[in-house]
Structures are given as C-alpha cells and as structure tokens.
Amino acid sequence: MSWDIKDCDSWTYDEIPLGAMTLEGGTGTKHLTGDWRVKRPVWDSEKCINCLQCWMFCPDNSCVAKDEKMTGIDYEHCKGCGVCAQVCPVDAITMHTEKDFRSTGDNKELHESAEDELKEEEGK
C-alpha cells in the first residue's frame, strides 16, 4: 500500500490513512513500555538522600515517591533514558545493561520487589 502525501497539508482528520497512529486517547499507564529499555536504572536506597531530583526529571514518571521519599522505580514504564542517574547528586541510581537482568531472570524478581515495597508503604 502506498500513500500519495503531496496534499497531506490539506487533509482533514478523516482523510488521514490508518497506520502507525493511536486511535484512542489514554495515558501511559495503559501502555507498558518498560521492555523497550537497553539500560536499567538501579536504585540504592542506602545512598539515596530523598532529594527527589530523579522524580522531578524522569520524563516517564517512573521514579516512584511517596510522602516525599523515593520508594522505587516503575520498571513497567521506564524506558531507560538515564536522566534519573544523571541528576542524582549522590549516585544512588546507576545504569546497568538490561540484557544482564533478563538473562538471569532478575527482571521479574526486581519488579516484584518494587511492588512489595510500594504495597508496604501504602499499608503504613
């Protein structure tokens, strides 16, 4: 299939050919994008000073905070851009190659650990 796009500037919304388009509105919560990552941020709670720079600058809202404290990383939506690690003043977040986690099966384990931490925080 080929499209003649020479007049695309004058198309109305119903003339745009279907293709790589999102047909419905929504939020990122419905679209899990974490497996796009090449690198994974790993958060060290011992080093963290809860400055929340990571939370403020994460473009995917994947740094999870509760009651003004960092609680973990949402790996289902994190795309591994590394902004969190770059802005952390104490190097509490480091970037690691994603394939190392997948080959050892730690992906599920780390995700479940983060979920457990969030549930604990919610229960307090």
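The largest cavity in this predicted model has a volume of about 80 Å³. A cavity here is a set of points, on a 1 Å grid over the protein atoms alone, where a 1.4 Å probe fits but cannot get out; its volume is the space filled by probe spheres set on those points. The lining, meaning residues with an atom within 4 Å of a point, takes in 14 residues, and Cys58, Ser62, Cys78, Cys81 and Cys84 lie nearest the centre. The second largest cavity comes to about 70 Å³, and its lining includes Trp43, Cys51, Cys54 and Cys88.

Now for the cysteines. The structure holds zero disulfides, a disulfide being a pair of cysteine sulfur atoms within 2.5 Å. Cysteine 63 is in no disulfide either, with the sulfur of cysteine 54 nearest at 4.0 Å. Cysteine 63 is buried at 4% relative accessibility, while cysteine 51 is partly exposed at 31% (buried is under 20% relative accessible area, exposed over 50%, partly exposed in between, with a 1.4 Å probe and protein chains only).

As for rings, arginine 40 sits over the face of tyrosine 75, 4.5 Å from the ring centre; this counts when CZ of Arg (or NZ of Lys) is within 6 Å of the centre and within 35 degrees of the ring normal.

Residues are numbered from 1 along each chain as its sequence is written. Local features need pLDDT of at least 70 and side-chain atom pairs 80 or more, totals for chains, interfaces and linings use all residues, and side-chain values use heavy atoms, leaving out hydrogens and water.

Technical notes:
1 Å grid on protein atoms, 1.4 Å probe; cavity = no way out; pocket = protein on both sides within 12 Å on 5 of 7 lines; lining within 4 Å.
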